[in-house]
Amino acid sequence: MTDWLNGTDLWTLAVILGLAAMTVVTRCFFFFSNQEWHLPHWAQRGLQYAPIAALSAVVIPEVVMQQGELISTLQDARLYAAAVGAAVYFWHRDVLQTIVLGMAVYLPLHVGWGW
Amino acid sequence: MFFLPSLYRHPEFAKGARELAPQALGIAAWGLVTGVAMVKSGMSVFECVVMTLLVFAGSSQLAAIPLIIAGAPAWVILATGFCVNLRFVVFSLHLRPYLIHLPLWRRLGHGYMTADVSYVLFIKRFAQPGTSPQDRLAQEAYLAGNDGLNWFSWVTCSLLGITLANGIPPAWGLGFAGILCLLGILCSLASTRMRVLSGLVAGAAGVTAYALPLKLNIVVAIAAAVILCLTVERVRGVK
């Protein structure tokens with residue numbers, strides 16, 4: 001690795017530092033000020049539903065979309081891997097098994113059959 | 001923040017790490033793929049390592065890489081990073097009452113370290129913020145153990161991905177392990193019918209609004225699901 005600095009430029013490093021600052025600003029958005037204030041009741045109720053909504057909005061498009069379009073084929077390894085993964089979760093309540101068995105369905109279909 | 005003795009000596013620290021461990025494989029695969037993607041994009045190894053160690057946010061890294069390579073204006077790249085991370089703003093609102101008693105640097109340290117998986121596991125374990133100093137310390141220790149292991153598996157596997165970049169063909173699609181990890185956690189949250197409704201609405205909205213720039217579909221989906229569930233609560237008179 002003699003060329004590990006090759007192609008490094010200050011502009012890119014500055015942008016990377018800026019992105020790190022964005023991570024801090026978003027993850028700590030409501031931590032900067034410790035002034036006392038109370039969340040309205042409706043917002044407290046709403047937070048009940050935010051975590052599952054956030055994950056679902058990230059996960060579902062990754063399973064049923066391809067290049068920005070809803071997939072129109074059933075020959076897609078992700079569908080079967082996700083179905084097996086979810087079924088395994090509800091059966092055993094274990095995320096590790098979801099990952100391992102889901103990938104055990106995904107890899108042969110995807111790499112082997114090209115689905 | 002795993003390096004504070006008062007936290008890592010607490011029994012909840014080990015519990016937090018143990019509860020993260022099953023998902024570590026998915027996080028590791030995702031980190032590996034992100035490491036490979038950074039190198040393949042043409043960034044220098046040094047830039048990839050700095051990005052891994054400092055940015056610590058897979059989705060914003062993956063969104064920013066093509067823009068950096070294309071030489072987009074810096075403010076566009078930073079705005080993209082902010083928007084892709086907007087869900088964390090909601091998370092920080094939720095976590096505020098759990099952490100706000102701490103000194104500023106500790107609040108920021110915990111906030112920086114807490115990504116999707118740790119946030120979800122934390123609020124699943126602690127439905128209410130602690131009221132006594134002991135409860136608060138236990139919650140902080142759990143969070144530190146949980147996000148410490150998350151950070152460790154993400155960073156080591158990203159660095160591994162940077163090293164192995166040319167040996168792992170992207171066509172294998174190993175990143176799907178990260179999606180399966182999130183899917184498992186998603187299923188674990190589906191504990192009430194209203195939450196299932198929230199997940200279904202957000203999934204549909206996330207797909208429908210996918211064309212929006214800057215991953216704003218995620219923010220739209222959270223808003224749509226939360227508003228709909230609150231409306232249903234009101235109509236049906238659920239407390």
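Visitor: Does Cys187(B) count as buried or exposed?
Guide: Cys187(B) counts as buried, at 7% relative accessibility (buried is under 20% relative accessible area, exposed over 50%, with a 1.4 Å probe and protein chains only). The model is predicted, with local features needing pLDDT of at least 70 and side-chain atom pairs 80 or more, while totals for chains, interfaces and linings use all residues. Residues are numbered from 1 along each chain, chains are lettered from A in the order written, and side-chain values use heavy atoms.

Visitor: How far is the sulfur of Cys187(B) from the closest cysteine sulfur?
Guide: The closest one is in Cys181(B), 12 Å away, which is too far for a bond.

Visitor: And what about Cys83(B), buried or exposed?
Guide: Cys83(B) is buried, with a relative accessible area of 14%.

Visitor: Changing topic, how many cavities does the structure hold?
Guide: There are two of 30 Å³ or more (a cavity is a set of points on a 1 Å grid where a 1.4 Å probe fits but cannot get out, and lining residues have an atom within 4 Å of a point).

Visitor: What is the volume of the largest cavity, and which residues lie nearest its centre?
Guide: Its volume is about 190 Å³, the space filled by probe spheres set on the points. Of its 14 lining residues, Trp30(B), Gly58(B), Ala115(B), Asp116(B) and Trp154(B) lie nearest the centre.

Visitor: Which residues line the second largest cavity?
Guide: That cavity, with a volume of about 30 Å³, is lined by Arg27(A) together with Phe88(B), Phe91(B), Ser92(B), Leu95(B), Gly111(B) and Thr114(B).

Note on methods: Disulfide = S-S within 2.5 Å. 1 Å grid on protein atoms, 1.4 Å probe; cavity = no way out; pocket = protein on both sides within 12 Å on 5 of 7 lines; lining within 4 Å.
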